[in-house]
Amino acid sequence: MKKPLRILVTNHHLYQYTGTEVSSLILCKYLRKEGHEVVFYSKYLGNKLVKTMEDYKVKVVDNLNLIRNQKFDIAHVQHNICAYEVRYYFPDLPMVLWVHGYVPFLEQVPAIDLNISYILTINKTVRDHVFKLGVPKHKIIVFRNLVDSEAFYVKKPISKTIKNVLVLSNKLSVEKQTVIESVINQLGLKSVHIGSVYNNMVDNNKLVDYINNADLVFTISLGAIESMFCGRIPILFDENSTQFTDGLVDTGNFDFLKENGFSGRSLKRIMTENDILDDLQKYNYKQGELLRKKALKNYEANQQIKKIVDIYNQAIKNFKKKQLSKKNNEILYHLIRSVEEARFYSIDVLRAQTSTIQGLDINSLESDDQKIMHECFHYVELSNRVNSLNEKIFQLKLDLNKIKNSRYYLLWQKFNKLKKIIK
Amino acid sequence: MKKKMTDYLVSRNKQLEEKLVDLENKKKELEDQYVTIHESKAYKFWRKIQSCKKTLKNPHFLNHKDVNF
């Protein structure tokens with residue numbers, strides 16, 4: 001094995017099991033498995049996912065300023081805001097940016113040249129979009145999502161006819177929910193609904209059981225790939241910022257749909273209840289195993305991680321330091337400060353508005369809502385104190401290191417030792 | 001459900017309070033080290049050397065030819 005790398009991985013947020021957050025977890029897990037050292041940065045952290053990262057022996061931070069003196073070989077960045085931040089705090093660090101889509105703002109390519117080595121895109125459609133924005137072709141590499149085959153696998157065989165349905169969505173609109181419910185009722189199917197839209201978020205390690213208990217899964221993107229890893233058939237009918245859906249996935253349309261990340265936007269179909277019913281008539285349980293093989297070939301994490309490490313090494317080898325222009329430096333500074341100021345005030349305004357509840361003892365509060373709010377703001381207050389203490393400790397360590405590494409300090413230490421010996 | 005959530009939040013805050021205590025201790029330990037160094041004779045002597053060096057390097061000082069060493 002080549003020399004292990006020290007990698008900084010970022011994602012704008014990490015507090016629930018949605019697309020890029022899950023990708024971050026799998027990426028870090030498999031990088032660690034390959035023996036690389038990983039530090040993960042996100043401004044918005046949730047305890048559960050941080051715990052998972054820590055179980056993988058990944059250090060998690062929410063403030064890049066605190067680690068700006070640490071040495072990294074490369075930064076694997078997700079989301080444009082993180083790209084600005086990484087370049088601001090690490091001016092000479094090779095960086096790759098992984099773009100997961102072309103609709104969300106966070107997935108847009110940064111507006112200024114940040115000396116990014118490669119833009120990685122999860123499929124060819126995103127690649128074409130990035131190319132149209134003016135990124136040179138040699139800087140764009142298609143790097144597909146990685147899916148954990150240790151977490152998603154066939155636990156039991158799929159039924160020959162559809163009996164159980166899983167609706168797996170974080171954003172499903174009411175209109176689409178109504179269509180799904182109507183189809184389920186008409187066919188008399190058993191259904192389970194999970195995802196933030198149903199207020200029923202499930203841990204990623206339990207998702208495999210939910211998928212294996214179903215034959216058909218209403219979902220898109222990563223959920224569709226995970227379903228195929230479990231030998232299940234996905235139907236691409238979920239919220240995707242458009243009115244379009246793609247319907248049932250089979251081996252015939254797999255390669256076409258994959259180039260749009262199974263987002264449901266490839267065929268530009270507007271599906272009604274009847275269209276879904278028509279699609280479901282094409283259900284063939286044998287497709288489950290065939291789709292699984294295709295999905296494994298394209299998204300299996302063990303293979304994908306080797307590809308990404310090769311890309312890292314290439315980026316490190318070809319990296320040339322480049323100073324940002326004076327104008328871009330100014331813009332970068334303003335962007336970073338804007339993000340930090342906005343974050344501070346969004347928290348502070350809530351603190352100010354609920355100051356009446358905050359000062360009270362929790363036992364004196366009558367309603368559960370008040371108690372929850374009280375604890376939430378207590379948490380914010382505690383987090384702020386933790387952050388400020390971390391900053392102080394960081395500064396103290398920096399000062400002490402400076403002193404302890406100085407010639408005079410070393411001389412003094414030697415003098416003290418000598419004094420002891422003489423005594 | 002809400003009761004469960006409140007319990008979770010309370011326990012999460014408790015964890016954070018514990019972390020805060022650890023951090024306070026760590027900060028105190030570092031500050032003590034800092035103070036020990038600052039109050040040492042060696043450090044005071046070093047500061048004096050630094051300030052002398054600064055004074056000697058000051059062009060304003062060097063221009064005064066009549067300074068009696």
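From the N terminus on, chain B runs α-α-α, and its secondary structure comes to three helices and zero strands, where helices (H or I, at least four residues) and strands (E, at least two) are DSSP runs numbered from the N terminus. This is a predicted model, in which local features need pLDDT of at least 70 and side-chain atom pairs count only at pLDDT 80 or more, while totals for chains, interfaces and linings use all residues. Residues are numbered from 1 along each chain as its sequence is written, and chains are lettered from A and ligands numbered from 1 in the order in which they are written.

**Chain B and its contact with chain A**

- Of the 69 residues of chain B, 0% count as buried; a residue is buried if 20 or more other C-beta atoms lie within 10 Å of its own, exposed if 12 or fewer, and partly exposed in between, with C-beta atoms placed from the backbone.
- The contact between the chains takes 23 residues from chain A and 23 residues from chain B, two residues being in contact if their C-beta atoms, placed from the backbone, lie within 7 Å.
- On the side of chain B that touches chain A, α1 (2-39) and α2 (41-57) of chain B each supply at least two residues, and the largest share, 21 residues, comes from α1(B).
- By class, that side of chain B has eleven nonpolar, three polar and nine charged residues, where Ala, Val, Leu, Ile, Met, Phe, Trp, Tyr, Cys and Pro count as nonpolar, Asp, Glu, Lys and Arg as charged, and the others, Gly among them, as polar.

**Helix packing**

- Helix α14 (residues 368-404) of chain A packs against α1(B) at an angle of about 20°, with the axes 8 Å apart; axes are lines fitted to C-alpha atoms, for helices over the stretch in contact, and angles run from 0 to 180 degrees between N-to-C directions.
- α14(A) and α1(B) are therefore roughly parallel to each other, given that angles under 35 degrees count as roughly parallel, over 145 as roughly antiparallel, 65 to 115 as roughly perpendicular and the rest as oblique.
- The contact of α14(A) with α1(B) comprises 19 nonpolar, six polar and 16 charged residues.
- Within chain A, helix α5 (residues 174-187) and α9(A) pack at an angle of about 50° with their axes 10 Å apart, and the two helices are therefore oblique to each other.
- A:Val179, A:Ser182 and A:Val183 in α5(A) meet A:Glu273, A:Ile276 and A:Leu277 in α9(A), a contact that has four nonpolar, one polar and one charged residues.

**Domains of chain A**

- Chain A is assigned domain 1 (6-146 + 301-318) and domain 2 (164-299), with bounds that come from an automatic or database domain assignment.
- The centres of these two domains, taken over C-alpha atoms, are separated by 27 Å, and their contact takes 15 residues from domain 1 and 14 residues from domain 2.
- On the side of domain 1 that touches domain 2, α1 (19-33) and α4 (124-132) of chain A each supply at least two residues, and the residues of that side divide into five nonpolar, eight polar and two charged.

**Positive phi in loops of chain A**

- Most residues other than glycine have a negative phi.
- A:Asn115, although not a glycine, has a positive phi of about 55°; A:Asn115 is found in the loop between β7 (95-99) and β8 (118-121) and is partly exposed, with 16 other C-beta atoms within 10 Å.
- A:Lys268, also not a glycine, has a positive phi of about 55°; A:Lys268 lies in the loop between α8 (254-258) and α9 (273-281) and counts as exposed, with 11 C-beta neighbours inside 10 Å.
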